[in-house]
Amino acid sequence: MDEIPAGLEAALEGRYDIERELGEGGMATVYLAEDVKHDRQVALKVLKPELAVVVGAERFLTEIKTTARLQHPHILPLFDSGEADSFLFYVMPFVEGETLRDRLDREKQLPVDEAVRIASEIADALDYAHGREIVHRDIKPANILLQNGRVMVADFGIALAVTAAGASRLTETGLSVGTPQYMSPEQATGDRDLDGRSDVYSLACIAYEMLSGDPPP
């Protein structure tokens, strides 16, 4: 894994002590960090520099407040967000466990009752968010955390914030929001006026993979 950028450590000094990189996704790099004020471990997610430039700090931080309003047992909450020098970041709980992606990579297929339970818990989280007119836009196994088997949907509102803040310029940079294997047709064609049905399509793709062992063809 890459070294922690020195500028990031300096920018967050006194607030978050970064311990190590946990992984990298399409939109952000994730670090394990110590929340100095509250003496707890957190997942510190830093937007990729090229994406931060496209999105812009003010718009991103305004849109990401959407996530902070979501309070549901199967949605990972937002602890903090902000701008530190040129870095845009958001902070969520550090969940010890694994992602659904990790489990599928290891087991390939899941028992039917387990797949149904996981899909139902994801659906419960989506129903709650959709009732508040919030669409995730990037439902995929890597964004489904399993804590003692219990589902937590991560990064809720992050794709929304990125899309709302910089959708008009994402294509120019070659960046996109969403993951092709789980992306609804309307999202794949660049439709910005998505509703909850787009997330439901992605959930159906996940359910198919849990049962069959492969994403839909």
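Which exposed residues does the face of H5 turned away from its buried side carry? That face carries Asp105 and Arg106. Exposed means over 50% relative accessible area, buried under 20% and partly exposed in between, with a 1.4 Å probe and protein chains only. Helices (H or I, at least four residues) and strands (E, at least two) are DSSP runs, numbered from the N terminus.

The model is predicted: local features need pLDDT of at least 70, side-chain atom pairs count only at pLDDT 80 or more, and totals for chains, interfaces and linings use all residues. Residues are numbered from 1 along each chain as its sequence is written, and side-chain values use heavy atoms, with hydrogens and water left out.

Helix H5 spans 100-107. Leu100, Arg103 and Leu104 are buried in H5. Seen down the helix axis, the buried residues of H5 fall within an arc of 95°, so they line one face. The arc is taken from the directions from the helix axis to the C-beta atoms. An α-helix has 3.6 residues a turn, so residues three or four places apart point the same way. The buried residues of H5 pack against strand E6 (98-99), H6, E7 and H9. Contact here means heavy atoms within 4.5 Å. Lysine 108 follows H5 and has a positive phi, near 70°.

The strands come next. E6, E7 and E8 form an open sheet in the order E6-E7-E8, with antiparallel pairing. E6 and E8 are the edge strands, and each pairs on one side only. Two strands pair if DSSP finds at least two bridges between them. E6 and E7 run antiparallel and are joined by two bridges. Threonine 99 has leucine 145 in E7 as its bridge partner.

The largest nonpolar core has 26 residues. Such a core is a set of buried Ala, Val, Leu, Ile, Met, Phe, Trp, Tyr and Cys residues joined through side-chain atoms within 4.5 Å. Leu100, Ile118, Ile122, Ile144, Val153, Phe156 and Met210 have the most contacts inside the largest core. At least two residues of this core come from each of H5, H6, E7, E8 and helix H9 (196-212). H6 supplies the largest share, eight residues. Beyond its neighbours within four places in sequence, isoleucine 118 is in contact with Leu100, Arg103, Leu110, Leu146, Val151 and Met210. A second, separate core has 22 residues, including Met27, Ala28, Leu88 and Val162.

Two residues of one loop have a positive phi. Glutamate 133 lies in the loop between helix H6 (112-130) and strand E7 (144-147). The phi of glutamate 133 is near 60°. Arginine 137 is also in the loop between H6 and E7, and its phi is near 80°. Most residues other than glycine have a negative phi. Glutamate 133 counts as exposed because its relative accessibility is 75%. Arginine 137 counts as buried because its value is 9%. Between glutamate 133 and aspartate 199, the C-alpha to C-alpha distance is 12 Å, with 66 residues separating them in sequence.

Aspartate 155 sits in another loop, between strand E8 (150-153) and helix H7 (158-173). Aspartate 155 counts as buried because its relative accessibility is 11%. Its side chain makes a polar contact with the side chain of lysine 45 (2.8 Å). A polar contact is a pair of N or O atoms within 3.5 Å; within protein, one must be able to donate a hydrogen and the other to accept it, and residues adjacent in sequence count only if both atoms are side-chain atoms. Leaving aside neighbours within four places in sequence, aspartate 155 is in contact with Lys45, Tyr90, Met92, His136 and Asn143.
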